[in-house]
Amino acid sequence: MTPAADGFDDAVLGRGLPAAAEAALAEAGRQRADEPALAMAALMRAQALAPEHPAVLIAFYRHHFFGHRLAPARDVARRALVVATRALGLPPLWRELPLEPLPGADGDARVRFLLFLLKGYAYLSLRLDDPLEARDALAVLRALDPQDRVGASVLEAVRVRALVGEDPEADGLPPVSGAAAWARASGSEAGAPR
């Protein structure tokens, strides 16, 4: 069951979980380092009780990510993106999102959840050597978050520099943020290295 939009802020913070699902997530956290199979079993129990609750999806994502299982982590990010877009009344596929700024990028938990998910998805795509998927996700993210509230321009800079074979620390330029960070990351800033 997807949390209602007005309760989504609480759900992102882990509230609104059935007690048994909350206990399963706590057990998964305790078992993650020493007993990954037991942690996964606990996560599966939580998922059976609250399959679309953000806290369960976040726990699955973290379990795979910190276990260096990047492909399954990206699969969880895809599932979570559908939950996040639904909470905002947007198309369920991130590729179909309107390419316009989302209001609330600086404080709305639903919007920030979506933006951070898309950033994580782009990062995992880069790590999984899927540069076209990363490029597309970052282009959508740039449209949704032109002021770079979630710092995704850093990933875009890494992606662009990898394409041209430059050291990401070589430019020596002072840090920028917001739209200027996106411009510099994509190489479209006047005088910026490409």
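Which loop is D129 found in? That one gets its answer in the last figure; the overview comes first.

Figure 1. Residues are numbered from 1 along each chain as its sequence is written, and side-chain values use heavy atoms, with hydrogens and water left out. The protein has nine helices and zero strands, giving the pattern α-α-α-α-α-α-α-α-α along the sequence. Helices (H or I, at least four residues) and strands (E, at least two) are DSSP runs, numbered from the N terminus. Of the 194 residues, 40% count as buried; buried is under 20% relative accessible area, exposed is over 50%, and partly exposed is in between (1.4 Å probe, protein chains only). The accessible surface comes to about 9900 Å², with 57% of it belonging to carbon and sulfur atoms. Those areas come from the Shrake-Rupley method with a 1.4 Å probe, and for residues only the protein chains shown count as cover. Take contacts (heavy atoms within 4.5 Å) between residues at least 6 apart in sequence: 61% of them join residues at least 24 apart.

Figure 2. The average pLDDT (the predictor's confidence in each residue, from 0 to 100) is 84, and 79% of the residues score at least 70. Over residues 1-5 the pLDDT is below 50, and this stretch has 11 contacts in the model beyond near neighbours in sequence. Residues 189-194 also have a pLDDT below 50, with 15 such contacts. Where pLDDT is low, the predicted coordinates should not be read in detail.

**Figure 3. Helix α3 and its buried face.** Buried here are A39, A42, L43 and A46. Seen down the axis of α3, these buried residues fall within an arc of 100°, so they line one face of the helix; the arc is that of the directions from the helix axis to the C-beta atoms. An α-helix has 3.6 residues a turn, so residues three or four places apart point the same way. What covers the buried residues of α3 includes α2 (19-31) and α4 (54-66). Turned away from that side are the exposed A37 and A48.

Figure 4. A nonpolar core is a set of buried Ala, Val, Leu, Ile, Met, Phe, Trp, Tyr and Cys residues joined through side-chain atoms within 4.5 Å. The largest one has 43 residues, and L25, W94 and L118 touch the most other members. Helices α2, α3, α4, α5, α6 and α7 each supply at least two residues of this core, and the largest share, eight residues, comes from α6. Leaving out residues up to four places away in sequence, W94 touches L81, L118, Y121, E133, D136, A137 and V140.

Figure 5. A77 sits in helix α5 (residues 70-87) and counts as buried at 1% relative accessibility. Its C-alpha is separated by 6.2 Å from that of L117, 40 residues apart along the chain. S125, in helix α6 (residues 109-127), is buried with a relative accessible area of 0%. Not counting residues up to four places away in sequence, S125 touches R74, D130, P131, E133 and A134. L144 belongs to helix α7 (residues 131-144) and is buried at 1% relative accessibility. Beyond that four-place limit, the residues L144 touches include L97, P98 and L115; L144 and L115 are 7.9 Å apart, C-alpha to C-alpha.

**Figure 6. Positive phi in two loops.** Most residues other than glycine have a negative phi. D129 has a positive phi of about 55° although it is not a glycine. Back to the opening question: D129 is found in the loop between α6 and α7, and at 67% relative accessibility it counts as exposed. H68, in the loop between α4 and α5, has a positive phi near 60°. H68 is exposed too, with a relative accessible area of 68%.

Methods
This is a predicted model: local features need pLDDT of at least 70, side-chain atom pairs count only at pLDDT 80 or more; totals for chains, interfaces and linings use all residues.
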